[in-house]
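Please work through the exercises below with the sequence and the three-dimensional structure at hand. Each task is followed by a solution in steps.

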Amino acid sequence: MTFDSIDEAIDSIFATRRRLDGAPRGLDEYTRDISLTRSLLGRARLLDAEREYVVVTGSRGKGSVTTIMAKLLRSLGHTVGAITSPHLVHWNERIRVNGRMIPSEDFLRILRELRPRIDQITAEMSAAQYLSPQGIFLAIALRHFDEQGVNIAVLEVGRGGRFDDVAVVPNKLAVFTPIMLEHTALLGASLGRIAWHKAGIIKAGGDALTLPQAGTVIDALAAEAREQGARFTTLTETELAARVADRPGGQVIQLQPYGELFLPLLGRYQIANTTLAIRAVENLQRRLDGARPETPAFIDAIRRGLSEVSWPGRAQRLAGKPAAFVDGAITVKSAESFVASVRDRAREPVAAIVGVPRDRDYAGVYRVMAAVSQSLIITETDVNPSTRFPAREAAMVAAGETAAAVYYAKDLTGALSIAREQTGERGTILLAGSLMLVGECMLIWGVDTSAI
């Protein structure tokens, strides 16, 4: 089978999953069959290379930790592959080597080469099964990593962990960002059950490292680590880096033994993510070559790598007048963190553009954003038809309860037009919404997401 474009390739990748569109969805342990991905990787010999794997899961921040780790490891001299999701502009962004997304020609070629094995597996499936698109992306990534000489791969889980295709790799290090109630229809209705899903990335005899978590989560992770004979480390609040000061384009943090470090990301939440990423890299490096984080060479590499981190669309300042800040904030907690991160950098009047899917607490996010804005503009996007936004009437009622000046625009272009009328050149626009809307911002402002 030939593909002339990424769009055609994506249609092919999602083909067997689309067969089940409209069918009832259930818990991952009953509906996801990662043995099919294992079969694909085995038939294509995609796990034969000697490579270190790190798997990152959690409910928020896992993409940031993956990206920061990849940059630090690259600074230490490794050739680093990464998988993150979702993408902002290009599907290719999900697969990177040393920060560069996989070229389209390589993506298409590798998928063509894998197609016979994919077809063999799909021919053997029952009508109720599907070959996960994420599993196919993983296969493409691993072949690309082989071709590029990747010796360490840092992989972000899409959802959960125990039944997630990304987690089939033989990772010796499992990394956990904050875990909270999410995807309850697919992972379970309790925090303990969700943590059990996430804990599935811990492998026998490996290491597990987590940010501070609720007691229920710690219990689930620790139980899995004991069962797997893995070493389990929990970072405490006092062990996290401390913010020293804001700087143009980022913030200064302090973490021992590195002293003060420049972090070129605005989000306050990135301080904990950075701590986790650094400690995870220390774990890897000790195991690989016995390097100690106290050595000047190691410290210099970490400082240099961190100063070069880029992660578009996360509490990012966009160039131009008025000033504009964008973040994929679609929960109350993430909106609060976004506001805390940019409040001191914003000048009034402030207009907030908000596009939150209807399965989230959109009214709560409106409330957070309205508290720091003179006007609130509700919008949405049809980039992904499966992501539904609240009906205009419901959204306006909810927004009207929190803000005096409320507007609605059916798309981001219209929302920006309204916002600029409200702020003039001297004010500030805050954009909080789904990553699809963030991706549209990248296009409108011309942000290059191909290399980070």
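This is a predicted model: local features need pLDDT of at least 70, side-chain atom pairs count only at pLDDT 80 or more; totals for chains, interfaces and linings use all residues.

**Exercise 1. Describe how helices α9 and α10 pack, and state which residues make the contact.**

Solution. Two packed helices are described by the angle between their axes and the distance between the axes.

Step 1. Locate the helices: α9 covers residues 191-199 and α10 covers residues 215-228.

Step 2. The angle is about 35°, and the axes are 8 Å apart. The crossing of α9 and α10 is right-handed.

Step 3. List the contact residues. From α9 come L191, G192, A195, W196 and A199, and they meet T216, V217, A220, L221 and E224 of α10.

Step 4. Sort these residues by class: 7 are nonpolar, 2 polar and 1 charged.

**Exercise 2. Carry out the description of packing for helices α1 and α6.**

Solution. 

Step 1. Helix α1 spans residues 6-13 and helix α6 spans residues 104-124.

Step 2. These helices pack at an angle of about 35°, and their axes lie 10 Å apart. The crossing of α1 and α6 is left-handed.

Step 3. On the side of α1, the contact involves I6, A9, I10, S12 and I13; on the side of α6, it involves S104, F107, L108, L111 and R115.

Step 4. The contact of α1 with α6 consists of 7 nonpolar, 2 polar and 1 charged residues.

**Exercise 3. Explain why helix α14 is described as largely enclosed, and determine whether V372 is buried or exposed.**

Solution. A residue is buried when its relative accessible area is under 20%.

Step 1. Count the buried residues of α14 (residues 362-370). Of its 9 residues, 7 are buried, and therefore the helix is largely enclosed by the rest of the structure.

Step 2. Name them: Y362, G364, V365, Y366, V368, M369 and A370.

Step 3. Identify what encloses them. The buried residues of α14 pack against α13 (332-342), β14 (350-355), β15 (375-378), α15 (392-400) and β17 (428-433).

Step 4. Turn to V372, which is placed in the loop between α14 and β15. The relative accessible area of V372 is 18%, so this residue is buried.

Step 5. Find the neighbours of V372. Leaving aside residues up to four places away in sequence, V372 touches V339, R343, V350 and L430.

**Exercise 4. Examine the peptide bonds from S85 to P86 and from E348 to P349, and the phi values of N98 and A315.**

Solution. Most residues other than glycine have a negative phi, and most peptide bonds are trans.

Step 1. The bond from S85 to P86 is cis, with omega near -5°. P86 lies in the loop between β2 and β3 (95-97).

Step 2. The bond from E348 to P349 is cis, with omega near 0°. P349 belongs to the loop between α13 and β14.

Step 3. N98 is not a glycine, yet has a positive phi of about 50°. N98 is in the loop between β3 and β4 (100-101), and is partly exposed, with a relative accessible area of 24%.

Step 4. A315 has a positive phi, near 45°. A315 is in the loop between α12 (296-307) and β12 (316-318), and is buried, with a relative accessible area of 1%.

How values were computed:
Residues are numbered from 1 along each chain as its sequence is written. Side-chain values use heavy atoms; hydrogens and water are left out. Axes are lines fitted to C-alpha atoms, for helices over the stretch in contact, and angles run from 0 to 180 degrees between N-to-C directions. Helices (H or I, at least four residues) and strands (E, at least two) are DSSP runs, numbered from the N terminus. A crossing is left-handed if the near helix is turned anticlockwise from the far one by less than a right angle, and right-handed if clockwise. Contact means heavy atoms within 4.5 Å. Ala, Val, Leu, Ile, Met, Phe, Trp, Tyr, Cys and Pro count as nonpolar, Asp, Glu, Lys and Arg as charged, and the others, Gly among them, as polar. Buried means under 20% relative accessible area, exposed over 50%, partly exposed in between (1.4 Å probe, protein chains only).
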